[in-house]
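Me: Hi! Could you walk me through this one with me?

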Amino acid sequence: MAKELYICIACDTDPDRITFNRDATPDKLHWRGLLEGIPRGKEHLSAIRDSAGKSPVVTWCLRADHQIREYTGAYDYVLREFGEQVRSLESSGDELGWHPHFWRRDDSTGRWYQELADVDWQVEMLKAAHQAYSTMHPSGTHSVRMGWIYHNNRTMHTLDALGVRVELSASPGLRLMPRNPSVRGQNYFDWSISPDSPYHPSRVDYRRPASDMEESMRIWEIPCHLSRSLLWSVIAGGFLSLKMKSPAPFFQSLRRPAHFINITGKPSIFKPLLSALETKLKNQNRVLFTTYFHADEWLPVKHPFYSLDWTGENLRAIMALCERLNVRVQYIRARDCLTLI
């Protein structure tokens, strides 16, 4: 049987970060990544064709959440303000997905933080944002990548009830959570026990498939492709331990090694993911490779870890690997994953 690789690329289409847009200011949202980075990237990568001669397709996960409404007055601001551009992406063969964050403003300081403790608020926000998004995009919200890849059981149940069919947040083996869920920080998540392959989440625990005595949700969880390199896992675990001021991430990196970097990542850091992919391709006839990036990483800014040039270099390395192993390659949208699993 001929071997096949399916490449699913998602983009967290967030407002610009100051590390990629030096003109960004905290008093408003800036969108150069969406307006300039995306067209630049589409043109730059158009020559990297799959086995059918097609250019890369991307699932653009658009922001629609409380923070967007607070800044702009509407959950569906991106679809309203940039509708012509994002719908042209859809017309070209890409997919429009959803990327909700749980940003919430601290009234006492004015600072934004990731809401962890108030799950009722999370659920109601998801419902309201989804309704606004779906009204502006009536063809449906098929795919979601969560802000900071965060979930809990109730948020996953909510997406399932809303009819979302593909969820792209899982990073198996990775976990970054505070001891106190009321902490007002950011970038927290837990996929410590998740499998590497797609699964229907258990209704008891979103991080894993249902056991024999449990019910499953209908939604499919599609994990990101990671490397199990112990060396790179320990490096990342040490960095996270320093960030969290806790040894827990370091010990987690030893218990279940996991290393990940965006498709825009520096090739020397992306290389372990290529090695993991080679192992998969040698052992399986059909492989799904899922990855992501942020829109502002395609802006022409020199950054030590991410760039559009490195996106192309990494994709070409994947193509070279597949050519060497005689593997057929196809770029797919997130919702196309449902035809493979």
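**Salt bridges and burial**

Reply: Let's start with Asp160: it counts as buried because its relative accessibility is 4%. Buried means under 20% relative accessible area, exposed over 50%, and partly exposed in between, with a 1.4 Å probe and protein chains only. Before we go on, this is a predicted model, where local features need pLDDT of at least 70, side-chain atom pairs count only at pLDDT 80 or more, and totals for chains, interfaces and linings use all residues. Residues are numbered from 1 along each chain as its sequence is written, and side-chain values use heavy atoms, with hydrogens and water left out.

Me: Thanks! Which residue forms a salt bridge with Asp160?

Reply: Arg203 does, with the closest N and O atoms 3.9 Å apart. A salt bridge here is a side-chain nitrogen of Lys or Arg within 4 Å of a carboxyl oxygen of Asp or Glu. The two residues sit in distant parts of the chain, 43 residues apart: Asp160 is in helix H6, and Arg203 is in the loop between strand E9 (189–190) and strand E10 (220–221). Helices (H or I, at least four residues) and strands (E, at least two) are DSSP runs, numbered from the N terminus.

Me: And Arg203, how exposed is that one?

Reply: Arg203 is partly exposed, as its relative accessible area is 35%.

Me: What does Asp190 pair with?

Reply: Asp190 meets Arg207 in a salt bridge, 2.9 Å from N to O. Asp190 lies in strand E9 and Arg207 in the loop between E9 and E10, so the bridge ties together parts 17 residues apart in sequence. Both Asp190 and Arg207 are buried.

Me: How about Arg63 and Asp65, how far is it from N to O there?

Reply: It is 2.5 Å, and their side chains form a salt bridge. Arg63 counts as buried because its relative accessibility is 3%, and Asp65 is buried too, at 0%.

Me: How many salt bridges does the count come to?

Reply: The count is 26 by that rule.

Me: Changing topic: what is the phi of Ile149?

Reply: Ile149 has a positive phi of about 50°, although it is not a glycine. Most residues other than glycine have a negative phi. Ile149 is in the loop between strand E6 (143–144) and helix H6 (153–161), and it counts as buried because its relative accessibility is 10%.

Me: And Asn326, is it buried or exposed?

Reply: Asn326 is exposed, given a relative accessible area of 65%. Its phi is also positive, about 60°, and it is not a glycine either. You'll find Asn326 in the loop between H10 and E12.

Me: Now H9: how many residues does it have?

Reply: Helix H9 (residues 267–283) has 17 residues and reaches 24 Å from first C-alpha to last, close to the 24 Å expected. The expected span is 1.5 Å times one less than the number of residues.

Me: What do the buried residues of H9 pack against?

Reply: They pack against strand E1 (3–13), helix H7 (230–244), strand E11 (286–294), helix H10 (308–325) and strand E12 (327–332). Contact means heavy atoms within 4.5 Å. Among the buried residues of H9 are Ile269, Phe270, Pro272 and Glu278.

Me: Last one: where is Gln85?

Reply: Gln85 is in helix H4 (residues 83–91). Leaving out residues up to four places away in sequence, Gln85 touches Leu34, Leu35, Ile38 and Pro39.
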